Amino acid sequence: MQFDRRGFLKIAGLTLLGLSAKPGWQVFSKVAAPEPSPEAEALAKNKWGMAITFRKCWKEEGCRDCIDACHRIHNVPNLGTLKEEIKWIWREPYEKVFPEHEFEVTEEDYQNEPVLLLCNHCDDPPCVRYCPTRATWKREDGIVMMDFHRCIGCRYCMAGCPYGSRSFNWRDPRPFIKNVNLEFPTRTRGVVEKCNFCVERLAQNKIPACVEACKEKALVFGDLKDPKSEIREALKYKTIYQRQPELGTKPKVYYIL
Amino acid sequence: MYDGKKIIPGLLIFLGLMTYPIWHNTVSGKMSYVPKPELPTEKDKKECVEPKAFIRVNHKTLLEDWKFSVVRNGIRTYQASNQKTYNISLNRTCMNCHRDKTKFCDQCHTYMGVTNKCWDCHIYPKQLSPGPLALHEP
């Protein structure tokens with residue numbers, strides 16, 4: 001049999017192809033399903049949500065009790081510039097949050113009224129789908145969690161979030177934190193952060209800090225699965241708004257006029 | 001050998017310079033240095049979450065497991081081998097006894113040339129004591 005270089009290469013190539021068939025099949029046939037956590041069943045009993053009542057929120061002009069409370073306990077830095085701003089809960093003028101509510105006559109009434117914004121903890125969160133490292137994921141109780149240890153700072157989630165709920169640490173945030181809360185870690189440079197629905201407080205059976213800080217009770221937090229919960233009562237027979245419901249992300253933050 | 005008079009002394013000087021750190025440390029007594037992590041002296045802080053031998057080898061995996069447990073699974077208590085239950089927290093559990101990381105963690109880590117990023121985010125109690133985040137004054 002004549003065995004020239006061409007023949008050798010052909011057989012070598014085929015052999016390699018044959019050898020890679022099995023591992024290749026093993027890799028590509030696997031459907032990557034996230035493993036449910038051992039606490040999944042216990043967590044799945046609840047579905048946390050929040051309702052914000054505009055009328056109550058607008059009673060005191062310039063009030064930022066909830067923002068201060070949240071940013072204090074979570075060591076959120078104040079860098080002073082809009083570009084590098086880190087925000088977990090913040091305000092935006094009404095017409096910018098709900099541009100679709102522009103009506104000829106009533107528009108003026110709401111103009112420049114502040115709307116509280118925070119992570120919507122979507123049912124179908126785009127940020128989770130974009131994250132290449134699974135540093136962000138949806139917990140069984142609906143909270144979109146962040147693992148700061150895992151985040152590589154690629155900012156795909158920020159591009160994916162239609163609500164602008166995520167902020168990136170362009171520098172070391174520590175020098176910009178006035179009073180450090182020892183109970184909660186700070187973040188480091190190159191990490192994305194956002195509201196965590198006070199997951200650490202929920203674990204201690206406390207309500208989120210912003211809800212607790214609100215004097216007017218404009219913020220209501222509770223279990224959406226429980227028909228008798230505070231939030232379900234607050235939402236009952238009300239006209240409810242959500243931010244960009246047409247995107248199908250199903251936010252868990254509701255606005256009541 | 002050509003130029004043996006130059007090459008051999010040159011090699012000797014080179015070897016001497018290369019091994020200088022070893023000689024230096026032997027003479028100055030640094031070779032026999034053993035890191036001494038400071039252990040808490042209070043009576044109620046004598047016992048760690050796991051036996052000393054286990055912690056010495058496995059503290060990294062233990063911390064990694066704790067992190068995973070709290071962040072990913074939402075389980076915030078740890079069932080230790082001594083049947084006690086501990087609150088999983090770097091600050092409230094570990095650093096509650098080992099208050100100063102420079103006297104505990106850093107002792108071995110510096111000696112072994114190990115760097116970790118724990119304290120980029122987590123704050124240990126001692127770090128705060130002279131002022132707000134004393135180590136990172138702007």
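Lys47(A) is buried, with a relative accessible area of 16% (buried denotes under 20% relative accessible area, exposed over 50%, and partly exposed the range in between, with a 1.4 Å probe and protein chains only). The structure is a predicted model, in which local features need pLDDT of at least 70 and side-chain atom pairs count only at pLDDT 80 or more, whereas totals for chains, interfaces and linings use all residues. Residues are numbered from 1 along each chain as its sequence is written, chains are lettered from A and ligands numbered from 1 in the order in which they are written, and side-chain values use heavy atoms, with hydrogens and water left out.

Over all chains, the structure holds 19 salt bridges, a salt bridge being a side-chain nitrogen of Lys or Arg within 4 Å of a carboxyl oxygen of Asp or Glu. One of them joins Lys47(A) to Asp123(A), with the closest N and O atoms 3.1 Å apart. Asp123(A) lies in the loop between β3 and α7 (126–130) of chain A, and Lys47(A) in the loop between α2 (40–43) and β1 (48–53) of chain A, so the pair ties together parts that are 76 residues apart in sequence. Here helices (H or I, at least four residues) and strands (E, at least two) are DSSP runs, numbered from the N terminus. Asp123(A) is partly exposed, at a relative accessible area of 25%. Asp123(A) also forms a salt bridge with Lys252(A), at 3.6 Å between the closest N and O atoms. Because Lys252(A) lies in the loop between β9 and β10 of chain A and Asp123(A) in the loop between β3 and α7, this pair ties together parts 129 residues apart in sequence. Lys252(A) is buried, with a relative accessible area of 7%.

In chain B, Lys45(B) forms a salt bridge with Glu42(B), the closest N and O atoms being 3.9 Å apart. Lys45(B) is buried at 17% relative accessible area, whereas Glu42(B), at 39%, counts as partly exposed. In chain A, salt bridges that share partners join Lys47(A), Asp123(A), Lys138(A) and Lys252(A) into one network.

Thr249(A) is placed in the loop between β9 (240–241) and β10 (253–256) of chain A and counts as buried, at 4% relative accessibility. Its side chain makes a polar contact of 2.7 Å with the side chain of Tyr163(A); a polar contact is a pair of N or O atoms within 3.5 Å, where within protein one must be able to donate a hydrogen and the other to accept it, and residues adjacent in sequence count only if both atoms are side-chain atoms. Apart from neighbours within four places in sequence, the residues in contact with Thr249(A) (heavy atoms within 4.5 Å) include Cys122(A), Asp123(A), Asp124(A) and Pro162(A).

In soluble globular proteins, nonpolar side chains tend to be buried together. The largest nonpolar core has 39 residues, among which Met50(A), Phe197(A) and Leu219(A) touch the most other members; such a core is a set of buried Ala, Val, Leu, Ile, Met, Phe, Trp, Tyr and Cys residues joined through side-chain atoms within 4.5 Å. Strand β3 (residues 114–118) of chain A gives the most to this core, with 4 residues. A second, separate core of 11 residues includes Cys127(A), Ala135(A), Val144(A) and Cys151(A). In helix α4 (residues 65–73) of chain A, the buried residues are Cys66(A), Ile67(A), Ala69(A), Cys70(A), His71(A) and Ile73(A). Among the elements that cover them are β2 (89–93), β3, α9 and α10 (209–213) of chain A.

Between the two chains, 30 residues of chain A are in contact with 22 residues of chain B. The buried area is about 2200 Å², of which carbon and sulfur atoms give 58%; this area is the accessible area (1.4 Å probe) that two parts lose on being put together, summed over both. His149(A), Arg174(A) and Leu182(A) supply 31% of the area that chain A buries against chain B, more than any other three residues. The rule finds 2 salt bridges across this interface, and the side chains of Arg72(B) and Asp147(A) meet in a salt bridge at 3.3 Å, N to O. Residue pairs in polar contact between chain A and chain B number 8, with both residues at pLDDT 80 or more. On the side of chain A that touches chain B, the elements giving two or more residues are β5 (144–146) and α9 (199–202) of chain A.
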